[in-house]
Amino acid sequence: MKITEHIAAAKETLLSFEVLPPLKGKSIHSLYDHLDPLMEFRPSWINVTYHRSETMFKKKADGTFEKVEVRKRPGTVGICAAIMNHYQVDAVPHIICGGFNRRETEDALIDLDFLGIDNVLVLRGDAAKNETFFEPERDGNHYAIDLLEQVTRMNNGIYLDEDIKNGGKTGFCAGVAGYPEKHFEAPNLEIDLQRLKQKVDAGADYIMTQMFFDNEKFYAFVKACRDIDIQVPIIPGLKPITNKKQLSVLPRIFHVDIPTDLSNAIHRCKTDEECEKVGTEWLVQQSRELKKFGVPVLHYYTLGKPKVIRDVVQQIV
Ligand code: FAD
């Protein structure tokens with residue numbers, strides 16, 4: 001079922017979760033162990049992130065280094081199929097431009113369609129670890145909007161090979177990313193929002209946001225979107241803070257602010273357990289307020305912390 005259909009049919013605020021593929025070498029059961037405690041809350045869907053390969057230098061026996069491509073978390077498509085089969089819930093793969101040319105993307109989309117996957121979250125991806133700026137593959141999509149246009153063309157039965165006439169139409173519902181605190185490469189929030197609007201005008205069915213810890217930033221973002229006539233559902237992405245390190249790691253990696261009250265409260269904690277308690281309370285409060293604000297869905301990044309998310313969700317359902 002499409003995310004837009006889930007939202008249209010909803011009588012109350014929906015829940016959805018996001019998981020990372022397990023590290024290479026771990027079994028699918030490690031993912032089930034992660035998800036099992038959350039399934040009683042009947043999430044409407046589960047997102048599965050995508051992780052491209054990284055270039056690394058591996059030390060050889062003779063002391064020299066060998067350049068190797070390592071993919072630490074493969075399996076996004078297989079995991080989506082496994083989740084749908086195991087839990088009978090929709091799975092939403094994240095698809096990215098980075099690391100794929102358009103033909104490889106087309107083949108991947110065909111696989112997803114054959115598997116009965118109705119939704120994709122369409123993203124550009126970040127620069128590879130050994131690059132300063134994002135570089136598309138040769139004949140690859142450059143921006144999320146280019147990938148989105150490829151998805152939309154396939155939804156209209158148009159494939160890269162012009163000889164394919166009356167091609168089968170895929171039926172993907174496509175989400176795109178939005179940044180309440182601006183994407184870090186955009187010159188300013190206004191330009192970032194115009195680019196977001198271009199994605200919506202190109203066919204995006206909904207927006208899923210980057211994490212944020214201050215609801216006021218989300219409310220301002222929603223208003224700014226509505227002011228420029230972005231009318232699709234906007235789904236807040238939510239994550240708990242569970243240790244002190246995150247106070248500097250999250251702003252550095254995700255370019256988000258941590259409110260002073262939350263930062264001070266975490267600083268005062270003496271153990272990770274205390275941090276988890278503070279992070280849980282903050283997220284419960286955030287979730288309650290967002291629910292009251294009328295968000296269609298509360299989307300939780302579970303990222304190794306299913307117990308914390310369980311504690312939060314238990315308090316808001
Ligand atoms: P885009 O929409 O292409 O925007 C990227 C930048 O380019 C922005 O600054 C935008 O303003 C600018 N821009 C857009 N169009 C143009 C144009 N025509 N000319 C000039 N500039 C332009 N990454 C992963 O690798 N795997 C994941 O699973 C993953 N999941 C994510 C889930 C969510 C909800 C979010 C918010 C992010 C996720 N990311 C993931 C990270 C994402 O790939 C990065 O944030 C990436 O840097 C930008 O992706 P985007 O889709 O927003 O890109």
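Here is a short chat about a predicted model, its barrel and its ligand site.

Student: Hi! What do the 8 strands do, and in what order?

Tutor: Hello! They close into a barrel, running E1-E2-E5-E6-E7-E8-E9-E10, with parallel pairing. From one strand to the next, the twist averages 30°.

Student: Nice. How many bridges join E7 and E8?

Tutor: There are 4 bridges between strand E7, residues 173-178, and strand E8, residues 206-211, and the two pair in the parallel sense. As one example, glycine 175 has tyrosine 206 in E8 as its bridge partner.

Student: And which strands does helix H5 touch?

Tutor: Helix H5, residues 144-155, packs on the sheet and touches E5 (90-96), E6 (119-123) and E7. The direction of H5 makes about 150° with that of E6.

Student: What about helix H11, which strands does that one touch?

Tutor: Helix H11 (residues 306-316) also packs on the sheet, where it touches strand E1 (14-19) and strand E10 (297-301). Its direction makes about 165° with that of E10.

Student: Changing topic to the ligand: which residues are the closest?

Tutor: The closest are Tyr50, Asp126, Tyr179, His183 and Lys199, out of 23 residues that surround the ligand.

Student: OK, how far is a ligand oxygen from the side chain of aspartate 126?

Tutor: An oxygen atom of the ligand sits 2.6 Å from an N or O atom in that aspartate 126 side chain. For histidine 94, a side-chain N or O atom is 2.8 Å from a ligand oxygen.

Student: Which elements give two or more residues to the shell?

Tutor: Those are E5, E6, helix H6 (189-201) and E8.

Student: Last one: what is the shell like by class?

Tutor: Around the ligand there are 11 nonpolar residues, 6 polar ones and 6 charged ones.

Key: Residues numbered from 1 in each chain as written. Predicted model: local features only at pLDDT ≥ 70, side-chain atom pairs only at ≥ 80, totals over all residues. Heavy atoms only, no water. Pairing = 2+ DSSP bridges. Axes fitted to C-alpha atoms, helices over the stretch in contact; angles between N-to-C directions. Contact = heavy atoms within 4.5 Å. Near = heavy atom within 4 Å. Polar contact = N/O pair within 3.5 Å; in protein donor to acceptor, adjacent residues only side chain to side chain. Nonpolar A, V, L, I, M, F, W, Y, C, P; charged D, E, K, R; others polar.
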